[in-house]
There are 2 protein chains.
Amino acid sequence: MSAAPQDSPAEPNLESLVAAAFGPAESEGELSQILPVLVRDVSDIDWRLNQVLGSTYAQLTEAARYACSTGGKRVRPLLMSAAFRALGAESTAPIHSLAAAFQLIHTATLVHDDVIDHAETRRGRPSMPRAFGLPLAIVSGDYLFVRAFELAAEYSKSVILRSGEACADLVEGEVLQEASRFDLSSGREHYFRIVERKTAAIIAAGLANVGEIAEATGPVITGLHTYGTAIGIAFQIKDDLLDVFGDPDLLGKPLFTDFREGNSTLVSLEAYRRLDPKHQAEFEQLFQLRRKRTKHLLRLRDLTAMTDTETVVSDEASAWVDRGVRALAPIPDGPYRRLLERLAHGVAERRF
Amino acid sequence: MSAAPQDSPAEPNLESLVAAAFGPAESEGELSQILPVLVRDVSDIDWRLNQVLGSTYAQLTEAARYACSTGGKRVRPLLMSAAFRALGAESTAPIHSLAAAFQLIHTATLVHDDVIDHAETRRGRPSMPRAFGLPLAIVSGDYLFVRAFELAAEYSKSVILRSGEACADLVEGEVLQEASRFDLSSGREHYFRIVERKTAAIIAAGLANVGEIAEATGPVITGLHTYGTAIGIAFQIKDDLLDVFGDPDLLGKPLFTDFREGNSTLVSLEAYRRLDPKHQAEFEQLFQLRRKRTKHLLRLRDLTAMTDTETVVSDEASAWVDRGVRALAPIPDGPYRRLLERLAHGVAERRF
């Protein structure tokens, strides 16, 4: 069992994400003004998150903190902080608990995902079930959910309900995904139904909640919601691409999880329909294998690479980014809105 | 996969529990007045519960409703309804969502328990992981949690936080139990720490919340909380006894789950310390087997029966019942308070 790290691993990831969004040349201008502010915001949210994870039982606290420290790039807290500041807030204190809650919900689902997918690693470290065993992984996921809802109790009924609905969407997305495993006939529409629920709903709800807490107008809240949905979809499409064409060292996890688990991602669906009948049959046969060997996974990748899937799917992610950026129109122009625009592009251009 | 039943299975269980509490002779008097009222209350709560389980995805709705229909004896909604009426309420409508939320939380933990314990059956039917597979069982448990918190959003921050804290206790209880599996040296104090958190906290919090919603005085809320804790503990002790000495047909599940999974219950702890050194060594050796065969389980039962454990542990459950009944002193006397008293006795005397 690995010990929980003493310091938060969020900042380097965050800085590289933001840097990727801006590019090195620009990072000396506007970014150098607002990046320290946002890094501090995300760190404050991490602090709030760590605070509520404390349990009487060292083992549970350790497991919960371990899960959160492998829980991702802090994209959600960053987006929520930037959105709140874009709406004119001088401090993000009013949304710290909310952002921590959303980060906990996200992490809880990753933990349960790793149980369901038999994942060995997450962010370059042993996954929760691997590090703490299946029972503690399941129970720690529940614990993260519970602490998230305690944090949400600080807010209005409408914010709590929007959060709850997004969680229900998330779970529905999981179920839809389970229902279409190993099934390449499920189609694009089904894929987008999954992604909207599993990935986009929680980002959209988090941003809409930020708008509501900032007492923004209806069009602003709707704009933030649409932006969140669009970049959530772009984010997931990019994730699907990286799982096949990414660099496992940068990703911190092995490639081909979706091929292995039979998740019908946009990459698989597009590759499948672009292949000639002979290769299509081979792709389908390999994709449906319940236990795939490395040579099967590499062949699925090679078959995909025989088509223009990577370009087509990348373009599709970019189109969602553009939709997200357009949805920001009702938000006042300024450095934080520009950051939201650039983060959207960063999501589609990232390599990790 | 089994289909979800069309009608609620709660009422027969409920009636037999209440009947067991009152005894046949008395059921013609006071009980005949209030039983139909409470059956209606519990049925209203079930209706509220079913209402929120509706998902766009038939499979998730089906799984969630299946889990709830195997989710137990509706003891919690019954206790909460009786307590609310004991405080003078003419209608239980104000607590329907709360009671439904607590029933959902209880059910969610049973579903995840069944995943962790590899349980085959629950209430005489295939367990959730058995009926729907491990992924859907995990995700459905999450879904039940999420819907529970949506229901709780109707109430004050203090009610939500008390509910959340009880859920955290519940999870901590699970972790404590995991930590002491196959360990007979963990002791009575550890056992009571587990039971207070895993079973009693949620009953106590549900009843205290009912007191708060009824705008009861501090001593009444404290009394309800203490009553809930005490009968929660009595309930769990009785569960431990039934797992060794009960009738599997009445219970709807096989015996010896705790022996099999190495849960150090009060029964195991007391049997172990009451045996002579030779049998003690045999008990410990068998208890620690990670895979036990039927002959091992039966031998553990027989070794337990060589001591006066069943009597001693039953007496201990009764002592908790008495403590619970005494804690009801601040509640106004009347038929519903008398029902709460008798339900406490029913908990310790039940055979299912």
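Hi everyone, let me start inside chain A, where Leu38(A), Asp41(A), Val42(A) and Ile45(A) of α2(A) meet Pro77(A), Leu78(A), Ser81(A) and Ala82(A) of α4(A). By class, the residues of this contact of α2(A) with α4(A) are 6 nonpolar, 1 polar and 1 charged. Before I go on, please keep in mind that this is a predicted model.

So how do those two helices sit? Helix α2 of chain A covers residues 30-53 and helix α4 of chain A covers residues 75-86, and they pack at an angle of about 120° with their axes 9 Å apart. That angle makes α2(A) oblique to α4(A). As for handedness, α2(A) passes α4(A) in a right-handed crossing.

Now let's bring in the other chain. What superposes chain B on chain A? A rotation of 180° does, with 0.0 Å of shift along its axis and an RMSD of 0.0 Å. That is the relation of a two-fold axis.

The contact between the chains takes 33 residues from chain B and 33 residues from chain A. On the side of chain B that touches chain A, at least two residues each come from α3 (58-69), α5 (93-116), α7 (134-152) and α8 (157-179) of chain B. Which helix gives the largest share of that side? It is α8(B), with 13 residues. Sorted by class, the side of chain B that touches chain A has 21 nonpolar, 5 polar and 7 charged residues. And 100% of the interface residues of chain B are also interface residues in chain A, so the copies meet through the same surface.

Let me finish with two residues of chain B. Asp183(B) lies in the loop between α8 and α9 (187-213) of chain B. Is Asp183(B) buried, exposed or partly exposed? With 15 C-beta neighbours inside 10 Å, Asp183(B) counts as partly exposed. Along the chain, Asp183(B) and Asn263(B) are 80 residues apart, yet their C-alpha atoms are separated by 8.0 Å.

The second one is Gly228(B), which is found in helix α10 (residues 218-245) of chain B. Gly228(B) has 28 C-beta neighbours inside 10 Å, and therefore counts as buried. What does Gly228(B) touch, leaving out residues up to four places away in sequence? The answer is Ala200(B), Ile203(B), Ala204(B), Gly206(B) and Leu207(B). Here is one more pair for you: Gly228(B) and Leu298(B) are 70 residues apart in sequence, and 34 Å apart in space, C-alpha to C-alpha.

Notes: Residues numbered from 1 in each chain as written. Chains lettered and ligands numbered in written order. Predicted model: local features only at pLDDT ≥ 70, side-chain atom pairs only at ≥ 80, totals over all residues. Contact = placed C-beta atoms within 7 Å. Helix = DSSP H or I, 4+ residues; strand = E, 2+ residues; numbered from the N terminus. Nonpolar A, V, L, I, M, F, W, Y, C, P; charged D, E, K, R; others polar. Axes fitted to C-alpha atoms, helices over the stretch in contact; angles between N-to-C directions. Parallel < 35°, antiparallel > 145°, perpendicular 65-115°, else oblique. Left-handed = near helix turned anticlockwise from the far one by under 90°. Least-squares fit on C-alpha atoms with pLDDT ≥ 70 in both. Buried ≥ 20, exposed ≤ 12 C-beta atoms within 10 Å, placed from the backbone.
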